[in-house]
Amino acid sequence: MGAIEITGEASCERVGKGDRFLRRSAVAWYAAAAAGQMAFIWMILAHYGRKTLAGDLAGWNDKPLIKGFVAADDGGNAMFAVHVLLAGALTFAGLLQLIPIIRSRAPWVHRWSGRLFLIFSAFASLGGLWLTWGRQTYLSLVSAIAVSLDGILILLFAALAWRYALTRDYAAHRRWALRTFMVVNGVWFLRIGIMAWVLLSGGGVGMNRSLSGPADILLQFGAYLVPLAILEIYLLAQQSASAPAKYRAGALLILAAALTLVGTVGAIAFMWGPYML
Ligand code: HEM
């Protein structure tokens, strides 16, 4: 009996340490992602924000784009401007949602930035779907399908996160809000995923200019399916009473944090940097 109690205490202590490791790993991933997302927001404000405020819409195209400013397409240009500027605001609102001290000390900030995050995300998805299919902005059919599936998941998950907040089922709300965060950031994950792959594979093995190479296809669907899978592993590990499960999930988050950092450094150096100044 005594031995069982001692074993029980020892295993409780291991689970406690596992929980701490998992929590710290999640914070490490958040810190890496926040740095990368702030760089993305910076680029959006410095490039699209500045050009739009100066009335230089044609200047959007100084950055490589599929179809940004098009002369005499006022509707399409307006949709593009709204899409990109919403993108900056919603990325920032999403980051705020994950900071625990804001949820506990200023719940009204959490509620308001949460509403804005979900509404802006829904509008950015609908606008993105229109840009893709209505304005025909895509490089290959497979890339249009990959980003459209992301757009549909954003609409679905955001509706579920909102619904569970209204019914005050906060456990379900948290799960769906975190899933929404992952799919909303799918487009950001894609950019840093591409840069991480270019750096790690020494130039982008399996990629081509129409985003239809094997690596492109994996990256475009993986940009939201892999973060969603990692999130599910994290949520299961949080619930689990098994210390090894918590350590394994924590190690996975550390790996994700390292890849996020590599991708962020690559994106700043080669994709966003020239437009951030
Ligand atoms: C909700 C999260 C989203 C964010 C944060 C976001 C962000 C952006 C940004 C920053 C751009 C400007 C291009 C650049 O400089 O990188 C852009 C363009 C674009 N987005 Fe989104 N987007 C989101 C969702 C979507 C969705 C769901 C779709 C499609 C279903 C979509 C389709 C497009 C298209 C077609 C363009 C124009 C690309 C080009 O001309 O090169 N976006 N988006």
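Predicted model: local features only at pLDDT ≥ 70, side-chain atom pairs only at ≥ 80, totals over all residues.
User: What else does Trp29 touch?

Analyst: Leave out residues up to four places away in sequence. Trp29 then touches Phe181, Met182, Phe189, Leu253, Ala256, Ala257 and Thr260.

User: Which residues touch the most other members of the largest nonpolar core?

Analyst: Trp29 again, along with Met43 and Trp272. That core has 59 residues.

User: Which elements give two or more residues to this core?

Analyst: They are H1, H2, H4, H5, helix H6 (170-184), H7, helix H8 (214-239) and helix H9 (243-272).

User: And where does the largest share come from?

Analyst: From H1, which gives twelve residues.

User: Back to rings. How many aromatic pairs does the structure hold?

Analyst: Ten. One of them is Trp60 with Phe80. Their ring centres are 5.0 Å apart and their planes sit at 35°, so the pair counts as tilted.

User: Why does that pair tie together separate parts of the sequence?

Analyst: Trp60 is in the loop between H1 and H2, while Phe80 is in helix H2. The pair therefore links parts that are 20 residues apart in sequence.

User: Is Trp60 buried or exposed?

Analyst: Trp60 is buried, because its relative accessible area is 1%, and the cut-off for buried is under 20%.

User: And Phe80, buried or exposed?

Analyst: Phe80 is buried too, with a relative accessible area of 8%.

User: New topic, the ligand. Which residues come nearest?

Analyst: Tyr48, Lys63, Ile66, Lys67 and His83. They are among 26 residues around the ligand.

User: What lies 2.8 Å from an oxygen atom of the ligand?

Analyst: A polar side-chain atom of Lys63 does. A polar side-chain atom of Arg191 also lies 2.8 Å from a ligand oxygen.

User: What about Ile66? How far is its polar backbone atom from a ligand oxygen?

Analyst: That distance is 2.6 Å.

User: Which elements give two or more residues to the shell around the ligand?

Analyst: Helix H1 (2-53), helix H2 (74-97), helix H4 (107-134), helix H5 (141-166) and helix H7 (186-200).

User: Which one gives the most?

Analyst: H4, with six residues.

User: How do the shell residues divide into nonpolar, polar and charged?

Analyst: There are 15 nonpolar residues, eight polar and three charged.

Terms used
Residues numbered from 1 in each chain as written. Heavy atoms only, no water. Near = heavy atom within 4 Å. Polar contact = N/O pair within 3.5 Å; in protein donor to acceptor, adjacent residues only side chain to side chain. Helix = DSSP H or I, 4+ residues; strand = E, 2+ residues; numbered from the N terminus. Nonpolar A, V, L, I, M, F, W, Y, C, P; charged D, E, K, R; others polar. Core = buried A, V, L, I, M, F, W, Y, C linked by side-chain atoms within 4.5 Å. Buried < 20%, exposed > 50% of the residue type's maximum accessible area, 1.4 Å probe, protein only. Contact = heavy atoms within 4.5 Å. Phe/Tyr/Trp six-rings, centres within 6.5 Å; stacked < 30°, edge-to-face > 60°.
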